[in-house]
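Open the model in your viewer and keep the selection panel at hand. We will go stop by stop, with a note on what to select and what you will find there.

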Amino acid sequence: MQKPVQKKVKNKEKSVPTGKSHAHESAHLHVSGEATYVDDLAEQAGTKHIALGLSQCACARIKSLDLSAVKAAKGVVAVLTASDIPGINDCGPIINDDPILADGLVQYVGQPLFAVVATSFMAARKAVRHALVEYDELPAVLDIASAKREQSWVIPPMQLQRGNPAKAMESVTHKMRGEFSVGGQEQFYLEGQISYAAPSEDGCIRLWCSTQHPTEMQHVVAHTLGINFNQVVVEMRRMGGGFGGKESQSAIFACIASVAAQKLNCAVKLRLDRDDDMMITGKRHGFSFDYEVGYSDEGFIQAIDIEMIAQAGFSADLTGPVVTRAVCHFDNAYYLNNVKIVAFSAKTNTQSNTAFRGFGGPQGAFAIETIIDNIARKLGKDPLDIRKINFYGKNEKNTTPYGQTINDNVIHELVEQIEQSSDYQKRKIAIKNFNHDNLILRKGIALTPVKFGISFNVVHFNQAGALVHVYTDGTILVNHGGTEMGQGLHTKVSQIVARELGVSLSAVRATANDTSKVANTSATAASTGTDLNGKAAQIAARTIRHRLAVVAATSLGGDPNNVTFENDHVFSNNKDISFIALVDLAYRASVQLWADGFYKTPDLHWNQQTMQGRPFYYFAYGAAVSEVIVDTLTGEWKLLRTDILHDAGNSINPAIDIGQIEGGFIQGMGWLTSEELCWDPKGRLTTHAPSTYKIPTITDCPDAFYSELFDNQNIEDTIMRSKAVGEPPLLLPFSVFFAIRSAIASVAKNRFNPPLRAPATPEAILDAVQAVREGREVL
Amino acid sequence: MGCVRFFLDGEFFEVENPDPTRTVLQYLREDLHRVGSKEGCAEGDCGACTVVVGTLVDDRIQFRAINACIQFLPTLDGNMLFTVESLKTAGLKSNQLHPVQQSLVDCHGSQCGFCTPGFVMSMFALYKTNPCIDRLSIDDALSGNLCRCTGYRPIIDACLSMTNYPTPEGSNPLIFESARHQKINSNCGINDQEQLAVEQLRKLKHSDGLTIKVDQRLYHAPNSVNQLAQIYTDYPHGHILAGGTDIGLWVTKQLRQLDDLIYIKHIDELNQIEQTPLFIKIGAAVTLTDAFGALSKQYPELRPLFRRFSSAPVRNAGTLVGNIANGSPIGDSMPALICMDAKVLLRQGHQSREIELQDFYIDYQQNVLQAGEFIEAVLVPHKDRVWQLRSYKLSKRFDQDISAVCASFSIHLEKGEEHGKIANIRIAFGGMAGIPKRAKQTEAILKDQLWNEGIVHKAMSALSQDFTPLSDMRASQNYRQQTAANLLYRFYLETRQNDPMTCDQLDVFAGQG
């Protein structure tokens with residue numbers, strides 16, 4: 001039977017522009033092909049194109065680099081190497097260990113060595129292949145285990161401890177040790193990395209770049225060219241997806257394109273072929289875990305000690321903050337009294353791993369969820385029961401290991417609600433019966449919770465600016481520091497401005513992020529886009545509203561404080577005037593009709609040394625229930641049904657939030673199932689195109705997919721009391737992974753913990769089936 | 001010397017002597033600056049470049065979605081091209097969205113929007129061809145479109161609702177009238193605009209085929225088999241091009257220069273599916289979509305395999321004979337065809353010969369074809385009810401993935417006195433060797449034995465004598481060996497005499513085909 005895919009949007013539709021499911025501001029452009037991305041911009045006359053020459057060795061000194069045949073190839077205009085970089089040959093976002101073009105030493109297969117500038121993209125790509133490179137190979141460190149052996153780290157280890165787990169471990173009821181791992185993940189933004197640079201007068205550069213961080217691109221381009229920040233303008237209207245992959249790692253392409261544009265004095269485009277993109281850029285960090293846990297008969301965690309190692313790749317990039325977030329999310333929704341977390345950042349000769357939706361949080365939380373799943377099976381209990389008894393309390397047991405008091409905990413009622421609405425208990429029994437009757441196919445179900453901290457862990461990143469212009473025809477232009485990558489940020493910000501000024505959404509237009517408009521912006525990352533930029537835009541709009549209120553009160557009579565703005569009209573003293581007419585009046589009265597707004601998140605503090613503080617303004621919560629069916633002969637599986645209940649606070653746009661929730665869910669499911677990154681023994685990534693790297697497709701979307709927003713308000717004074725929704729849903733598909741694990745465990749009557757590795761490919765599943773059949777389980 | 005002629009938005013386009021390997025996508029984006037269609041991978045795997053080609057078939061326009069990124073421009077000759085820009089312009093008012101587009105807006109089906117034009121075009125093909133759209137047909141039609149943002153649910157909703165939108169007065173019915181509307185108004189017959197399109201395309205037929213010559217590089221598009229045989233004799237090192245779903249990548253990924261291309265899709269004889277007394281004869285230019293359509297009428301048990309065979313746009317362009325001739329060890333059609341005892345009809349100059357498909361392959365990327373010889377058709381025997389046939393594919397993902405293992409089994413069990421004895425069995429695998437290959441030793445163990453638990457286990461162990469598969473990013477040797485055996489066991493469970501199991505007891509995807 002075909003069931004229609006359903007959605008439930010619980011929040012009541014409101015008449016104001018916020019709280020309403022408006023379509024994405026660009027939806028009509030997306031569907032008609034009229035939305036322009038960087039590669040769609042009309043090219044300036046004489047535009048040149050770049051292709052990059054990549055290292056074929058994981059670790060080597062360059063003995064010789066003969067590019068004469070490349071230079072002689074058809075269409076080639078110039079070939080650039082490290083020595084052509086006028087400023088600093090580095091684009092590392094935090095530490096200077098990220099060369100733009102390798103200089104003498106290559107550190108992974110795929111590292112850019114030289115850039116070919118040619119009259120066409122194809123000519124540049126063809127010319128690259130004429131390079132003659134001789135390598136002096138050096139020993140390469142290719143995985144976490146080797147890095148640990150070699151003590152090869154990109155940054156020093158971190159440690160977070162509360163209580164005394166070593167001592168507590170002596171008196172625990174049960175003890176368990178184990179090791180497991182979780183793989184990395186390619187961002188696979190549909191629009192590959194691209195930068196288009198054009199020189200302008202006085203040594204300036206204008207750059208169109210698909211990036212989540214225009215300000216950082218401005219900075220690195222300036223450093224690379226040896227020019228000032230005020231000589232670089234970066235513009236970004238929209239990305240074809242970012243997911244973290246265009247936070248720091250758009251930099252290398254921005255820099256190379258700018259170097260070429262400056263040197264050749266013409267516009268230069270650097271667009272990556274998909275394979276090159278995947279070979280060059282970093283991915284989500286894979287992690288390995290080694291833990292010891294002590295627990296009571298009921299499954300209460302008495303002490304826990306874990307070592308986590310993230311695979312950083314050849315440079316630090318954003319690994320420091322990623323690992324910090326992993327450490328700060330190991331608790332997920334659970335109170336851990338005696339806990340020690342030691343986290344290492346392995347330096348390997350592979351792509352430099354970077355931001356990806358969740359930013360280490362998913363990996364950290366995945367660890368505790370695995371351990372809880374193991375405890376449950378050891379005790380012969382439902383993992384949900386173990387989860388519940390370990391949840392943070394509301395008024396006690398409510399301090400995180402990093403010292404933050406949780407005062408917005410809704411996990412109890414949220415889980416209670418979805419347990420009921422998904423029929424979890426009934427279905428559990430039905431599944432048990434199914435598994436009893438079926439020889440080959442097995443089913444499993446799991447309910448997993450999410451608690452996710454919102455804010456940048458670096459306190460001063462939590463700031464934003466906006467500009468709101470009201471024109472004399474009553475239309476409004478808003479510009480802010482955030483970038484649009486599909487998440488609906490511009491839609492929400494426009495809704496906020498429309499609401500503040502009481503006008504229809506159609507009167508407001510959001511424009512491209514532009515470093516010459518709002519300066520010193522933070523990356524659009526950490527789910528904070530709307531929280532920060534929405535507030536800044538609201539402040540700007542309020543400034544204008546206050547000015548207009550004075551004009552309205554002067555004209556209509558009444559107190560400016562009692563003037564109201566709604567339905568494109570302004571009301572005072574029981575009279576009203578249209579917004580347009582009021583704007584005209586204000587202009588004629590020489591009132592400033594544009595304003596800036598600036599916002600910073602209050603009350604945050606964080607000490608990276610002690611790993612203590614209040615790094616998060618608040619937490620977002622959610623839970624999902626997933627049911628799967630697994631084939632024990634082949635390891636193939638299918639998701640039968642998923643229910644999601646997610647806390648987006650008081651949603652500004654329920655449809656957009658549901659879109660983030662479902663999209664994050666399916667993306668996270670890909671990470672934990674079909675998306676497998678493979679490197680060959682020489683360190684060459686072998687899954688570097690969609691033919692070999694498999695993100696979820698349409699059939700993977702379950703027939704029964706019920707997503708609902710949890711009825712909640714942010715207790716903090718966030719924009720409209722909403723909550724950030726970009727990253728937290730990526731953790732919801734833990735429910736899929738643990739449902740698969742449960743189905744596998746049923747093969748041996750749930751006696752063993754399946755040693756299921758992530759991603760749970762059919763092969764990984766079959767291996768785990770085989771293992772539990774033979775009574776082998778996780779340590 | 002040669003002119004590629006086609007229609008775009010009802011307008012006649014003529015491109016003189018284009019580079020034969022310029023892709024449709026490059027032409028659209030770089031030459032026409034028609035940038036709605038996107039490049040996401042340049043290998044036909046993400047669907048961001050999807051366009052729809054309208055072809056003249058039986059006096060109607062057939063709408064098929066294909067990947068513009070690997071389709072060469074000259075192959076458009078004689079066709080109509082529809083891109084994402086075509087849809088809105090066909091409306092009455094300039095700002096009127098097509099129902100496919102409007103439903104996506106209303107269902108919140110786009111986020112970053114980069115994949116959206118491709119989805120729009122796959123949905124448009126579905127809209128124009130399927131009068132009763134359900135989840136299964138949606139999954140099929142959109143199996144070649146990757147979306148990284150939405151999780152697909154809103155796109156599915158849009159597909160389910162798109163034919164409920166009214167066709168606005170005055171819009172171009174060639175583009176706005178859905179298959180559903182057409183079915184409801186079937187008495188109206190073919191609409192004026194389609195009739196016009198049919199007449200336009202009729203006029204584009206080249207009487208002597210098309211030849212393009214650029215810098216000593218040749219592109220031939222003959223329109224008879226005899227002409228083809230002659231050209232291929234003259235240019236034995238040329239490449240025969242049909243769907244281009246592999247050759248396209250030689251250009252976009254391997255950056256190869258292809259000097260002589262011989263395009264066969266304009267040859268009527270090769271576009272035929274013929275029911276001969278002994279065979280279903282499928283010509284070399286017949287697309288996978290059409291070939292599978294014909295085969296699944298007699299062999300419905302192969303539908304699950306056909307669904308998982310690449311994606312809709314690839315099946316719409318690629319040909320069954322192309323899959324065979326390409327001879328990839330992981331080509332998914334061959335294990336089944338070998339089990340069906342299919343033959344291939346070869347042609348060289350004026351000579352023809354027929355050989356068993358299983359004898360066609362010699363070794364990795366080597367086959368029996370002589371210089372200037374090509375496959376004219378594949379001959380699939382009509383169904384014989386004494387045989388039970390199954391084909392199973394394993395890969396990391398359901399849609400559009402390359403097999404780790406593709407297994408096919410065909411068994412003939414005795415009735416009557418020797419009830420349950422294996423009169424004959426054929427077992428063929430893809431992904432297990434350098435070529436698609438039969439498991440001869442395993443078959444020998446099974447032949448003339450009773451089809452029971454004991455013998456199947458013996459046979460499962462014997463498979464390791466037939467095959468020593470490789471480990472790669474798709475699967476390890478161990479997984480391939482183990483699942484090859486387990487799939488034989490699945491086949492046994494499905495076909496055993498006592499209490500055979502149904503496919504929904506054995507296959508998590510059952511009910512999907």
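Start by selecting A:Ala623: opposite this residue stands A:Leu645, in strand 28 of chain A. Strands here are DSSP runs of E with at least two residues, helices are runs of H or I with at least four, and both are numbered from the N terminus.

A word on what you are viewing: this is a predicted model, where local features need pLDDT of at least 70, side-chain atom pairs count only at pLDDT 80 or more, and totals for chains, interfaces and linings use all residues. Residues are numbered from 1 along each chain as its sequence is written, while chains are lettered from A and ligands numbered from 1 in the order in which they are written.

Now select strands 27 and 28 of chain A, which run antiparallel and are joined by nine bridges. (Two strands count as paired if DSSP finds at least two bridges between them.) Widen the selection to the open sheet of four strands, in the order 16-27-28-29 of chain A, with mixed pairing. Its edges are strand 16 (441-454) and strand 29 (704-709) of chain A, each pairing on one side only.

**Domains of chain A**

Next, color chain A by its domain assignment, whose bounds come from an automatic or database source. Domain 1 covers 1-12 + 410-454 + 617-779, and domain 4 covers 463-600. Their centres, taken over C-alpha atoms, are separated by 40 Å. Where they touch, 12 residues of domain 1 of chain A are in contact with 14 residues of domain 4 of chain A; contact means C-beta atoms, placed from the backbone, within 7 Å.

**Where the chains meet**

Show both chains: the contact takes 74 residues from chain A and 70 residues from chain B. On the side of chain A, helix 17 gives the most, with seven residues.

**A hairpin in chain B**

Move to chain B and select strand 1 (residues 3-8) together with strand 2, which pair in the antiparallel sense over six bridges. B:Leu8 has B:Glu11 as its bridge partner in strand 2 of chain B. The two strands of chain B form a hairpin with two residues between them, and B:Asp9 in the turn has a positive phi of about 55°. Is strand 2 of chain B buried or in the open? Of the six residues of strand 2 (residues 11-16) of chain B, the number buried is zero, so this strand lies largely in the open. Buried means 20 or more other C-beta atoms within 10 Å of the residue's own, with C-beta atoms placed from the backbone.

Definitions and conventions. Two residues are in contact if their C-beta atoms, placed from the backbone, lie within 7 Å. A residue is buried if 20 or more other C-beta atoms lie within 10 Å of its own, exposed if 12 or fewer, and partly exposed in between; C-beta atoms are placed from the backbone.
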